[in-house]
Amino acid sequence: MPEKIKRKVGRPRLHEEAKKSYSIKATEAGWQGLKRLAACSGLSLSEYLEFLGRTGTLPN
């Protein structure tokens, strides 16, 4: 009998694929600016970057 794949409990996925972790380098000013833009859009930094990568446009 095959083992069931356990899914972590938490928020539902917003996209059809699981997220992976990546590392980027940015200046402190650049990083803070990204965080500020994401917050102004009502998104987490992760979702802000996801939206930008998928659509090629900045969220409102």
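Mentor: Quick term before we start: helices are DSSP runs of H or I with at least four residues, strands are runs of E with at least two, and both are numbered from the N terminus. The expected span of a helix is 1.5 Å times one less than its number of residues.
Mentor: This is a predicted model, where local features need pLDDT of at least 70, side-chain atom pairs count only at pLDDT 80 or more, and totals for chains, interfaces and linings use all residues. Residues are numbered from 1 along each chain as its sequence is written, and side-chain values use heavy atoms, with hydrogens and water left out.
Trainee: How many helices and strands are there in the protein?
Mentor: Two helices and zero strands.
Trainee: What does helix 1 reach from its first C-alpha to its last?
Mentor: With 13 residues, helix 1 reaches 18 Å, close to the 18 Å expected. Just after helix 1, G42 has a positive phi of about 80°.
Trainee: At what angle do helix 1 and helix 2 pack?
Mentor: About 85°, for residues 28-40 against residues 45-55, and the axes are 8 Å apart. Axes here are lines fitted to C-alpha atoms over the stretch in contact, and angles run from 0 to 180 degrees between N-to-C directions. The two helices are therefore roughly perpendicular, a label for 65 to 115 degrees.
Trainee: Which residues meet there?
Mentor: From helix 1, W31, L34, K35, L37 and A38; from helix 2, L45, Y48 and L49. Contact means heavy atoms within 4.5 Å.
Trainee: New topic: what percentage of the 60 residues is buried?
Mentor: Buried residues make up 12%, with buried meaning under 20% relative accessible area (1.4 Å probe, protein chains only).

Definitions and conventions: Parallel < 35°, antiparallel > 145°, perpendicular 65-115°, else oblique. Buried < 20%, exposed > 50% of the residue type's maximum accessible area, 1.4 Å probe, protein only.
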